[in-house]
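Please find below a note on the structure under review.

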Amino acid sequence: MSDLVVGTLPVAAPPRRHASRRFFRHRLAVLGLVVIVALALSAAFAPWIAPYNPDDVDIANRYAPPLSLGHLLGSDDLGRDVLTRLMYAGQISLSVGVAAMAVTVIVGFAVGAFAAYLGGWVDVALMRLTDTMLCFPSVFLLLFVAAFVTPSLASISLMIGLTCWMELARVVYGQIRVLKSADFVAAARMVGAPVWRIILRQILPNVMAPILVAATLNTANAILLESYISFLGYGIQPPQASWGNMLTNAQSDFLVDPWLAVMPGLAITLAVTSFNFIGDGLRDALDPKMQQQ
Amino acid sequence: MGRFLVNRLAQSAVLLVGVSVIGFALMHLAPGGPLAMYTLNPTVTAQDIQRIKVQFGLDQPVWVQYFKWVAGVFTGNWGYSFFGGQPVREVVFDRIPATFELMGSALCLSLLIGVAIGVLSAVKRGSLLDHATAVAAMVALSLPTFWFGLLAIFIFAQTLGWLPAGGNRSTDGGGFLDALRHLILPVAVLALVLVAQWSRYTRSYMLEILNQDYIRTARAKGLRPSRVLVNHALRAALVPLITLGGLQLPLLVGGALVTETVFSWPGMGLLFVNALGSRDYPVLMAILMVGAFVVVLGNLIADILIALVDPRAKITHV
C-alpha cells in the first residue's frame with residue numbers, strides 16, 4: 001500500500017510550469033526518464049538498429065561471453081545474440097507494462113469514480129468488491145488465471161490490469177468523495193450535465209495528479225509481474241523473447257554461462273527502478289503536500 | 001471492545017464469503033471447466049469424463065456445488081486432488097508449516113532491520129546515510145525477487161558452495177543448524193523487499209512524530225535522547241506500523257510464493273505452482289482460500305492490536 005492511499009484533500013493544482021520545474025529538480029526521476037526513453041527507443045527501433053535477427057541461430061558461437069567479437073552482450077544456448085534479443089524483448093515487456101497500466105487506470109478509475117459519485121448500494125457493492133479482491137495476494141490470482149488463458153500480449157496485459165486495479169480505485173474513491181461536494185460539481189449537476197460527463201469533464205482533471213503517480217508505479221509493477229509469469233512459462237512463449245522468459249533457462253545454463261542470467265534481470269531492474277523513480281518525482285512535483293520530507 | 005470485535009469479525013466473514021465466491025467463479029469460468037485437463041487426453045473417452053463429473057459432483061448446478069464445497073470446508077472435507085486423489089486438506093496442511101517458517105522468519109528479520117534503518121535515517125535526516133538508504137530501498141523494491149533469488153543461488157550455493165541451493169532440510173535429516181542453513185538464502189531474498197518497505201514507512205512516520213510538541217517537551221525536560229526516541233517517538237509510531245504490517249500481508253504471501261518456487265521450498269507456494277501445471281483445481285482453490293484467509297486474519301489481528309494500543313481506533317474504525 002503506498003502513501004497515496006492516505007486521502008489528502010485535493011488542493012488547487014499548482015501551475016503546471018512549477019510542477020515540471022519541481023520534477024526536473026528531482027535528479028533520480030530525470031535519470032529514470034532518460035533510461036526509460038533510451039530503453040523504449042532501442043526497443044522500438046530494434047528492427048533497424050539491432051545487430052542481428054532475434055531468431056538467428058548460430059550453433060558455432062553458442063554461449064559467447066559478453067564483449068566478445070560480434071556479440072556485445074554475448075550469445076545464448078542457441079547462439080542467438082543477447083543484445084538483439086534484449087531489445088526485442090523490450091518491445092514486449094514495455095508494451096505489456098504500459099497496456100496493463102492502461103487497463104488498471106481505466107478499471108480502477110471507473111470503479112472508484114462510480115462508487116464515490118453514485119454512492120448508495122453502488123458504493124457498497126463496488127468497494128466491497130475492491131476489498132475482497134485486495135485479500136488475494138495478486139501473484140496467486142494472476143497465475144491462477146494465466147494458467148488457463150492462451151498467452152498473448154493482449155491477454156497478459158488484460159490479466160495483469162484486472163488483478164491490479166484495486167489500489168487505484170481506492171485512491172480515486174477517496175479523492176472523489178471529497179470533490180463530490182465541491183461547488184463546481186454541484187453547478188454542473190444543476191445545469192443538468194449527465195453523470196458520465198460530470199465525471200469525465202469536471203472530476204477527472206482534478207484527480208489527474210494522483211492517477212498519474214499511481215499509473216507510473218503500476219507500470220513498474222506490471223513489468224515485474226509479466227517477467228515473473230513469463231519466467232514460470234505462463235506468459236510470453238518462446239521463441240518470442242521477453243525479459244522474463246529469457247531467464248527461464250538461466251538456472252540450468254548457469255554453470256556454462258552465468259551472463260545469460262545476469263543481463264535480462266538487469267534490464268528488468270533498470271526499467272522497473274526507472275519507473276519507480278519517475279513515480280517518486282511525479283509525486284513530489286504534482287502535490288507538494290504529499291512530498292516526503 | 002466487545003462491539004468493536006463483533007463488528008470486525010462480521011466484516012472479515014463477509015470478506016471471506018466474497019473471496020470464496022470469486023475463487024469458485026474463477027474456477028468454473030476457466031475454459032473447459034475443472035476437467036479441462038482430461039479432455040486433452042485422447043485415452044479418456046466422453047463416458048469417462050461424464051463418470052468423473054458425476055463422481056466429483058460436477059454435473060450439478062454451480063450454486064449447489066458451491067454450497068457443498070462451503071459445507072465441506074467446515075466439516076473438514078476439502079475435496080480430493082485431481083492428481084493423485086489424496087484429500088486436499090492433507091495435501092495443503094502438510095505444506096503450511098514450511099510456508100509459515102519462511103514468512104515468519106522473513107517478517108521478524110525485516111521488522112528488526114527495517115525499523116532500525118528507518119529510525120536512523122529519520123534521526124540523521126538529510127545525511128549521506130539517509131540518501132543512500134533511500135536509493136537502496138527504491139532499488140530493492142524494483143528488483144525482480146525471482147531473479148535476485150537465482151543470483152543468490154548461483155553465487156552462494158553453486159559457486160561458493162557455502163549454503164544449500166534449495167529445500168528446507170537435508171535429505172539425511174539434520175538438526176536445527178541444518179534447518180537454519182537452508183533458511184538463510186530464501187529468508188534474505190524475501191526479507192529484502194520487506195526491509196525496504198518498513199524502512200521507508202518508519203522513516204516518514206518518525207519524521208512526522210519527531211516534529212510534535214510532546215517530543216520537544218520531552219527533550220526540554222532533559223530526557224536522554226535515546227529515551228525520547230524509544231519511549232516517546234517509537235511508541236507513537238507503533239500504530240501506523242501495525243497497520244502497515246496488516247496491509248503488507250498480501251505482499252508477504254505473494255513474495256513467499258515467488259521465493260518458494262525459486263528455492264524449491266516445500267511450502268504452499270511451490271505446491272500452488274506445481275498444481276497449476278497439472279490443473280489441479282481443488283488444490284489451487286484451497287491454497288487461494290488459505291492465502292486470502294491469512295490476509296483477512298492478519299488484518300483483523302492488526303486492527304485488534306491497534307484498538308488495544310490506541311483506544312481511539314475503536315471509535316473511528318467501527
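The points below concern the overall build, the contact between the chains, a helix pair and several individual residues.

1. Basis of the note. This is a predicted model, in which local features need pLDDT of at least 70 and side-chain atom pairs count only at pLDDT 80 or more, whereas totals for chains, interfaces and linings use all residues. Residues are numbered from 1 along each chain as its sequence is written, and chains are lettered from A and ligands numbered from 1 in the order in which they are written.

2. Chain B has 14 helices and zero strands; helices (H or I, at least four residues) and strands (E, at least two) are DSSP runs, numbered from the N terminus. The C-alpha trace of chain B spans about 85 × 60 × 35 Å along its principal axes. Of its 318 residues, 38% count as buried; a residue is buried if 20 or more other C-beta atoms, placed from the backbone, lie within 10 Å of its own, exposed if 12 or fewer, and partly exposed in between. Among contacts in chain B between residues at least 6 apart in sequence, 69% join residues at least 24 apart; two residues are in contact if their C-beta atoms, placed from the backbone, lie within 7 Å.

3. Contact between the chains. Chain B gives 37 residues to the contact and chain A gives 38 residues. On the side of chain B that touches chain A, the elements giving two or more residues include helix H1 (2-29), helix H8 (176-210) and helix H13 (281-309) of chain B. By class, that side of chain B has 30 nonpolar, seven polar and no charged residues. Here Ala, Val, Leu, Ile, Met, Phe, Trp, Tyr, Cys and Pro count as nonpolar, Asp, Glu, Lys and Arg as charged, and the others, Gly among them, as polar.

4. A helix pair in chain A. The axes of helix H2 (residues 27-44) of chain A and helix H13 (residues 259-286) of chain A come within 8 Å and cross at roughly 135 degrees, which makes H2(A) oblique to H13(A). Angles under 35 degrees count as roughly parallel, over 145 as roughly antiparallel, 65 to 115 as roughly perpendicular and the rest as oblique. Residues of H2(A) in the contact include Leu28(A), Val35(A) and Leu39(A), and those of H13(A) include Leu270(A), Phe277(A) and Asp280(A). By class, the contact of H2(A) with H13(A) has 12 nonpolar, three polar and one charged residues.

5. The largest nonpolar core. A nonpolar core is a set of buried Ala, Val, Leu, Ile, Met, Phe, Trp, Tyr and Cys residues joined through C-beta atoms within 7 Å. The largest has 170 residues, of which Leu142(A), Leu143(A), Val172(A), Leu284(B) and Ile287(B) touch the most other members. Helix H4 (residues 82-118) of chain A supplies the largest share of this core, 20 residues.

6. Val88(B). This residue is found in helix H5 (residues 88-123) of chain B. Val88(B) is buried because 23 other C-beta atoms lie within 10 Å. Not counting residues up to four places away in sequence, Val88(B) touches residues including Trp78(B), Tyr80(B), Pro282(B) and Ala286(B).

7. Backbone features in loops. A cis peptide bond joins Pro238(A) and Pro239(A), with omega about 15 degrees; Pro239(A) lies in the loop between helix H11 (208-232) and helix H12 (250-253) of chain A. Ser264(B) has a positive phi of about 45 degrees although it is not a glycine, and lies in the loop between H11 and H12 of chain B. Ser264(B) counts as partly exposed because it has 15 C-beta neighbours inside 10 Å.

Definitions and conventions:
Axes fitted to C-alpha atoms, helices over the stretch in contact; angles between N-to-C directions.
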